[in-house]
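I opened this notebook to record what I looked up in a structure that was new to me. The entries follow the order in which I consulted it.

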Amino acid sequence: MARAKTQFICQNCGTAHSRWVGKCDGCGAWNTLVEEDPMGGIGSGPGKAAKKGRPVALTSLSGEIEEAPRIPTGINELDRATGGGFVRGSAVLIGGDPGIGKSTLLMQAAAALSRRGQRVIYVSGEEAVAQVRLRAQRLDAAETDVLLAAETNVEDIIATLSEGKRPDLVIIDSIQTLWSDTADSAPGTVTQLRTGVQAMIRFAKQTGTTMVLVGHVTKEGQIAGPRLVEHMVDAVLYFEGDRGHHYRILRTVKNRFGPTDEIGVFEMSDKGLREVANPSELFLGERNAASPGAAVFAGMEGTRPVLVEVQALVAPTSLGTARRAVVGWDSSRLAMILAVLEAHCGVRLGQHDVYLNVAGGYRIAEPAADMAIAAALVSSLAGVALPADCVYFGEVSLSGAARPVAHTAQRLKEAEKLGFASAVLPSSSPDLPKGGRGLSQMESLPDLVALIAGSKLRQGQQEAAE
Ligand code: TYD
Ligand code: MG
């Protein structure tokens, strides 16, 4: 029999090479190849003699459908992100920066489920039992029936889980610490990670246990190791937040059993994570409405409206090339808005530095923020504060036209609830409320610029009259 050839696997993207090279052919990263034994991992191709296949029964698309059985935790923000609770027999990956609060969230979820009579096992590979106990005490979880183990060996973990009554939920914290005897490569390599995760997923599918896997995130914001793991699991959640702020967002990026645009919002306190039922109040908390360059955007996160403040600073540049810096939004989208302002509105920004920040470390993903961003930019450039009780939303096309966005009624309702009496939105927006007081409907971006410039004019006249 031919000797099994070793392969060199890129730890960044998973591309296999037959010999060692400095630069990966797949992703172009340097020095990421590690020698691994392709026969070592589960699912890495046929081992010895391939057994003869057995035909499976084919069926039709119509037929009985069962609703996925769920176990809600009772932590509303977590249940919202998972689509109504963890699905039995599914594997969920939770990623996030170190120290963001993954272990805290999962300990709280474990305690909540345990109080509801579920059998929960928490396997910690990163912290010793004493450390986990200390956290549990802080979170008032110490008196629950959550079972704890500090273990990293895949076979030992599976053996432990298989013993006694079937667990309802198992938490593996984290997958990067898993290592298996069956894979020959060093712990932490792609093969080890894949072998470990595959064994856990197989256990979940076989027994109907929900498997929650914690994964670390690299500097680039991906779950460390190849994206392979994200493909293997049923749901991927990211736990995000800013070190400088107390709140954390649980964002769904993949969910085979529910929507992917939901978020859960939490606040980190000295007693763990607290749910934030009304995120808008949080994001608008430190608002200074009287200063130029700030606009409130009426956004949507899944089915939930969220109001956030966008802040712009436009100042003459002191360098040869103007700077553009963005936090919390897409920088190419900003470049587009700046180009439209220049081309269609006569707003010259070539000699100005532009800084854009979304308040509270929040991240906007919607193009519907275009109008709010444009308003903040023009407001800062003109040095005129926008009305304090006004929200902005709407998409801007390259031709400068204001385009309606979805969920107009919901955005307006949330704004009204929080005391915003007026709104600037694209004309021909669908489902506007009857009466619609305080709505300024814009055909195009130049209209918006004219509106803000006009208010500067009025302000100037008022000051002159006084
Ligand atoms: P942790 O859950 O350990 O993060 P991760 O598992 O994502 O690495 O949380 C770490 C941070 O949270 C740590 O800096 C301390 C803080 N924290 C609180 O502020 N309050 C608490 O009640 C707990 C348990 C942690
Ligand atoms: Mg942790």
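**Entry 1: the ligand**

I began with ligand 1 and found one of its oxygen atoms 3.4 Å from a polar backbone atom of I100. I note here that the model is a predicted one. For K102, I read a distance of 2.8 Å between a backbone N or O atom and an oxygen atom of the ligand.

**Entry 2: the shell around the ligand**

I counted 16 residues surrounding ligand 1, and the closest are G99, S103, T104, S269 and G272. Which elements each supply at least two residues of this shell? I found α2 (102-115), α3 (129-138) and β13 (263-269). The largest share, three residues, comes from α2.

**Entry 3: the nonpolar cores**

I turned next to the largest nonpolar core, which has 63 residues. Those with the most contacts inside this core are L341, Y362, I364, L377, Y392 and L448. Helix α9 (residues 370-382) gives the most to the core, with nine residues. Domain 2 (70-277) and domain 3 (282-465) both give residues to this core, so it lies between them.

Setting aside its neighbours within four places in sequence, I found L448 in contact with M371, A374, A375, Y392, V424 and M442. Another core, of 33 residues, lies apart from the largest one and includes A81, A111, V146 and F266.

Technical notes: Residues are numbered from 1 along each chain as its sequence is written. Chains are lettered from A and ligands numbered from 1 in the order in which they are written. This is a predicted model: local features need pLDDT of at least 70, side-chain atom pairs count only at pLDDT 80 or more; totals for chains, interfaces and linings use all residues. Side-chain values use heavy atoms; hydrogens and water are left out. A nonpolar core is a set of buried Ala, Val, Leu, Ile, Met, Phe, Trp, Tyr and Cys residues joined through side-chain atoms within 4.5 Å. Buried means under 20% relative accessible area, exposed over 50%, partly exposed in between (1.4 Å probe, protein chains only). Helices (H or I, at least four residues) and strands (E, at least two) are DSSP runs, numbered from the N terminus. Domain bounds come from an automatic or database domain assignment. Contact means heavy atoms within 4.5 Å. A residue is near a molecule or strand if one of its heavy atoms lies within 4 Å of it. A polar contact is a pair of N or O atoms within 3.5 Å; within protein, one must be able to donate a hydrogen and the other to accept it, and residues adjacent in sequence count only if both atoms are side-chain atoms.
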